[in-house]
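Biologist: I am new to this structure and would like to learn how to read it. Could you walk me through it?

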2 protein chains.
Amino acid sequence: VKTTTIALLLQEKGNNVRFHGWVDKIRNLKYVQFLIVRQGDHAVQLVNEKGNKAEEIINSLTLHSTILITGKVVDNPNVKLLGLEVQIGSIEITSLAERELPINDNSNHETRMDWRFLDLRSRKNYWLFKIQTLLERALRNYWNTRGCVEIHSPKLMATASESGAELFQVDYFGDKACLAQSPQFYKQMAMAAGLDRVFEVGPVFRANPSFTSRHDTEFTSIDVEISWIDSHADVMDFEEEMIKYAINTLMQELPESLKGFLGISIPKTNISFPRVTLIDAKELVSKTGYKSQKTDDLDPREEKVISDIIKKETGSDFVFITDYPITARPFYHMRHESMLTHTKSFDLLFRGVEITTGAQREHRYEKLKNQVLEKELSIEELKQYLDFFKYGCPPHGGFGFGLTRFLMKLLGYKNVREVTFLYRGPNRLSP
Amino acid sequence: VKTTTIALLLQEKGNNVRFHGWVDKIRNLKYVQFLIVRQGDHAVQLVNEKGNKAEEIINSLTLHSTILITGKVVDNPNVKLLGLEVQIGSIEITSLAERELPINDNSNHETRMDWRFLDLRSRKNYWLFKIQTLLERALRNYWNTRGCVEIHSPKLMATASESGAELFQVDYFGDKACLAQSPQFYKQMAMAAGLDRVFEVGPVFRANPSFTSRHDTEFTSIDVEISWIDSHADVMDFEEEMIKYAINTLMQELPESLKGFLGISIPKTNISFPRVTLIDAKELVSKTGYKSQKTDDLDPREEKVISDIIKKETGSDFVFITDYPITARPFYHMRHESMLTHTKSFDLLFRGVEITTGAQREHRYEKLKNQVLEKELSIEELKQYLDFFKYGCPPHGGFGFGLTRFLMKLLGYKNVREVTFLYRGPNRLSP
């Protein structure tokens, strides 16, 4: 018999089958034994009449072990799972689990992270990564219909990609290399190379020693850069449409029962994401009486407050904050012609957390050089980057999108660590 | 007028339009000026009657500059490009290119790599990255229909993922971390976590000081791991179907003219990939008179020879070499019950180059521990990895697939450097 899967057993009624699975439950009655065996989100009941070889094997079995079964699929309307059961012919233990697991439902966060592979076995975590997969697929469909090219930019580089702060250093054949903090320079290089619209999904590295619920030393960044724009509004349009498409796709593909089980609160996608300048946002927040800790940016508390105000006023879970002053932005953000102290930039907040920073970039060599000097950075060190703009470069802009931050707020988690396959922080490099 | 794209101009005949583009050609006649302007693979002719402001601007224009045009789209069957031209209303230079580019058609490899963004502007390179994008999309479609989950495993780790050789070291807050050489341990962890089938597309790092046409210090690896297998044959089946699906999709989506332009020779997908044991493969090669430099593996020359033999005999551009001896394989490959000196492993060769290493993994804790000891590795150092197999773990296997090696042989390039967005090698960390 060819090996089948539990998901396909419904098509096998009356047939002899062979399949693998996890042992989820064992019930030993006087004359008969029952097992619940699972693959992913599919489970089936097995039944064994005692007095055969299988009885002994089942007696030695532990929960979480894996087995290979041959047997016959029989109709049984009394069984909740699939309305059938499998009469065991033979059973082989393919891996025997220890009797005690090192974590249980009461384990604290650090213990769960130490044993992340066991922590991931929960049904909620199983679906979390299914949803992440669906989400990325939706994003890719969106990019595809818009003619975007996928790039894989190098993570090893000779010089810092941005400020030089929070940089990990690598021993590179006796020399020094850095780990990329973002694909920023390389996705802009793709614009100078004429690739027009690019995206990248990949790891970025930040030597940030902080322990907040939003930070990690390595995370998956989703990066987009598009050419031939007229302003940062075009970049916001692109991202807003992208997010709405992804949410709509996700909600269409997830079964209703699952949305309930996961407690997903679905963001409305029929509302335009409001766009508020930083100046206006800060004024709205100050009216609530809150004194900000930052003059040229929003502090985390302000992000929360402005998100709540916008949600109340418009129903939107998202809000673009635009036109940050040059002091709060890197040298390569383009400035407003009519207000040279402010940049054509934006952040996107989702339920109180910043999930994106974006901007139109300065693509004009002379202006860019001046902005480097103004920020007291080194023209020398940035030479290769500046060269991208010397031989013609389309007007362009883009954004980075934090996958785990988005998932965290979509699924109602409190910490990015919970939605990361394996979290990395200042004190965590393993497993 | 809303900004449009050159690709959409055909729908705009008779209309006033506004669009961006690269300046590809400038022709200055007595009374009239012509420009060819391009976005990606789409180009259009612009025409300007002299004596207006646009004339001056065009006179100051250099090739490779970018411009923003407003004008009227008029039918012109004499124009090859799209059968239309745009009568220039106004023109604005959005970036002015230097008159001389630092590379030309005769530049050597290193100079082209120094100026990779200019090198990438060729039509061939434009399509190379379009094809890479298509290829990855096809692979993802395949994984999706088979219920695979996407993972993003950490690249920073406390200990070596495999042998400890070729490992880059990172300064991690005063401590040492390593860069992942492969997601091997983590994709196996996903199996122990019950994710059943996973894939990852991401960077891997190898501190390999060699300069061959197949090696780099950082490359994009495509990794797959699947549970509930009966042997490595199931893994080969999965990969063979995956590659055939990807090639078929690619060939359906690429226009015929482009296949000719790129000189693609299409591998046949209606032939089963032959599966030859290493022992048989070495015998076939030795019959040609070639003396191998390796006893338990194929050397690069042998890979070429066996590929040629198989191609001649069967017409297949692919061949699986199977059942490597344990000396040639890492400790975690499963061994044949009937031949404990040989592993349930395989390589996949494509046109003479190894593009995959795969195997069924040893998932049984006690056996795995013995194999660690036999290879004289440290149980202590591998503790966290070994723990994955203590609490139940499905029988599983998987493979890594080298994206750039596959593209190199599919498109007839001689070197992985040419098909990498930005190559990294012992002497190359920039741009």
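Predicted model: local features only at pLDDT ≥ 70, side-chain atom pairs only at ≥ 80, totals over all residues.

Biologist: Let me begin with the sheet: in what order do the 6 strands of the open sheet come?

Modeller: As a general idea, strands of a sheet pair through backbone hydrogen bonds, either parallel or antiparallel. Here the order is β8(A)-β10(A)-β9(A)-β9(B)-β10(B)-β8(B), with antiparallel pairing. At the edges sit β8 (156-157) of chain A and β8 (156-157) of chain B, each pairing on one side only.

Biologist: Which strands of chain A and chain B pair with each other, and over how many bridges?

Modeller: Look at strand β9 (residues 169-172) of chain A and strand β9 (residues 169-172) of chain B, which pair in the antiparallel sense over 3 bridges.

Biologist: What about strands inside one chain: in which sense do β4 and β6 of chain B pair, parallel or antiparallel?

Modeller: Strand β4 (residues 42-49) of chain B runs parallel to strand β6 (residues 84-95) of chain B, and they share 3 bridges. In that pairing, B:L46 stands opposite B:V86. Strand β5 (residues 66-75) of chain B also pairs with β6(B), but in the antiparallel sense and over 10 bridges. Find B:L68 and you will see B:E92 of β6(B) opposite.

Biologist: Now the interface. How much area do chain A and chain B bury between them?

Modeller: The size of an interface is often given as the accessible area lost when the parts come together. For chain A and chain B, that area is about 8,100 Å², with 64% of it on carbon and sulfur atoms. In terms of residues, 98 of chain A are in contact with 98 of chain B.

Biologist: How many salt bridges and how many residue pairs in polar contact are there between the two chains?

Modeller: The count is 2 salt bridges between chain A and chain B. One of them joins the side chains of A:D230 and B:R18, at 2.9 Å from N to O. Polar contacts across the interface involve 46 residue pairs.

Biologist: Which element gives the largest share of the side of chain A that touches chain B?

Modeller: That is helix α4 (residues 123-145) of chain A, which supplies 9 residues. Taken as a whole, the side of chain A that touches chain B has 50 nonpolar, 26 polar and 22 charged residues.

Definitions and conventions. Residues numbered from 1 in each chain as written. Chains lettered and ligands numbered in written order. Heavy atoms only, no water. Contact = heavy atoms within 4.5 Å. Buried area = accessible area lost by both parts, 1.4 Å probe. Salt bridge = Lys/Arg side-chain N within 4 Å of Asp/Glu carboxyl O. Polar contact = N/O pair within 3.5 Å; in protein donor to acceptor, adjacent residues only side chain to side chain. Helix = DSSP H or I, 4+ residues; strand = E, 2+ residues; numbered from the N terminus. Nonpolar A, V, L, I, M, F, W, Y, C, P; charged D, E, K, R; others polar. Pairing = 2+ DSSP bridges.
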